[in-house]
Amino acid sequence: MKLNHSVRTYVENRPRYAGYTFEKLFPDVLFPADSDHNKLKASQARDLLSKMLVIDASKRISVDEALQHPYINVWYDPAEVEAPPPKIPDRTLDEREHTVEEWKGQTSCLAF
């Protein structure tokens, strides 16, 4: 009922097909068997994918929830998430005329 009427009508009139299981769509061979963390399992990856691919955005996993999911959490670093935003480079450099040598000197000063 959340869909726009014309979109809902289109979806409801599409042919229905038997779905595939996530195990068939995403077999174990698509995921690393072992990892340095020994925590990455195909079943966890499929679980995360199933939560990310929910059409209804209100029921879909949030970014914060996904970061805490066991499949992703092995890479989660709170210090990285809470870090200050990167400095914006001086965009006026692009607007000035420079020789090739001047550009070479400027690129060493840019922090991306």
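Residues are numbered from 1 along each chain as its sequence is written, and side-chain values use heavy atoms, with hydrogens and water left out. Because the model is predicted, local features need pLDDT of at least 70 and side-chain atom pairs count only at pLDDT 80 or more, while totals for chains, interfaces and linings use all residues.

Student: How many helices and strands does the protein have?

Tutor: Helices (H or I, at least four residues) and strands (E, at least two) are DSSP runs, numbered from the N terminus. Read along the sequence, the pattern is α-α-α-α-α-α-α. The counts are seven helices and zero strands.

Student: What percentage of the 112 residues count as buried?

Tutor: Buried means under 20% relative accessible area, exposed over 50%, and partly exposed in between (1.4 Å probe, protein chains only). With that cut-off, the buried share of the 112 residues is 13%.

Student: Which residues of helix 3 are buried, and where do they fall around the helix?

Tutor: Helix 3 spans residues 42-52, and its buried residues are Ala42, Ala45, Arg46 and Leu48. Seen down the axis, with directions taken from the helix axis to the C-beta atoms, these residues fall within an arc of 160°, so they line one face of the helix.

Student: Which helices are included in what covers those buried residues of helix 3?

Tutor: Cover is judged by contact, meaning heavy atoms within 4.5 Å. The cover includes helix 2 (22-25), helix 4 (63-68) and helix 5 (70-73).

Student: Which residues does alanine 66 contact, leaving aside its neighbours within four places in sequence?

Tutor: Alanine 66 lies in helix 4 and counts as buried, at 14% relative accessibility. Alanine 66 and leucine 49 are 17 residues apart in sequence and 9.8 Å apart in space, C-alpha to C-alpha. Beyond its sequence neighbours, alanine 66 is in contact with Leu48, Ile61 and Ile72.

Student: How many salt bridges does a search of the whole structure find?

Tutor: Side chains of opposite charge can pair when their charged atoms come close. A salt bridge is a side-chain nitrogen of Lys or Arg within 4 Å of a carboxyl oxygen of Asp or Glu. The search of the whole structure finds three.

Student: What is the distance between the closest N and O atoms of arginine 46 and glutamate 23, and which parts does the pair tie together?

Tutor: Arginine 46 is buried, with a relative accessible area of 10%, whereas glutamate 23 is partly exposed at 49%. The closest N and O atoms of their salt bridge are 3.9 Å apart. Arginine 46 lies in helix 3 and glutamate 23 in helix 2, so the pair ties together parts 23 residues apart in sequence.

Student: What is the N to O distance in the salt bridge of arginine 46 and aspartate 28?

Tutor: Aspartate 28 is partly exposed, with a relative accessible area of 49%. The N to O distance to arginine 46 is 2.9 Å. Aspartate 28 is in the loop between helix 2 and helix 3, so its pairing with arginine 46 in helix 3 ties together parts that are 18 residues apart in sequence.

Student: What separates aspartate 47 and lysine 51 along helix 3?

Tutor: Their side chains meet in a salt bridge at 3.2 Å, N to O. Aspartate 47 is partly exposed at 29% relative accessible area, and lysine 51 is partly exposed at 34%. Because they are four residues apart in helix 3, the separation is about one helical turn.

Student: Is histidine 69 buried or exposed, and which backbone nitrogen does its side chain reach?

Tutor: Histidine 69 is in the loop between helix 4 and helix 5. Its relative accessible area is 6%, so histidine 69 is buried. At 3.1 Å, its side chain reaches the backbone nitrogen of tyrosine 71.

Key:
Polar contact = N/O pair within 3.5 Å; in protein donor to acceptor, adjacent residues only side chain to side chain.
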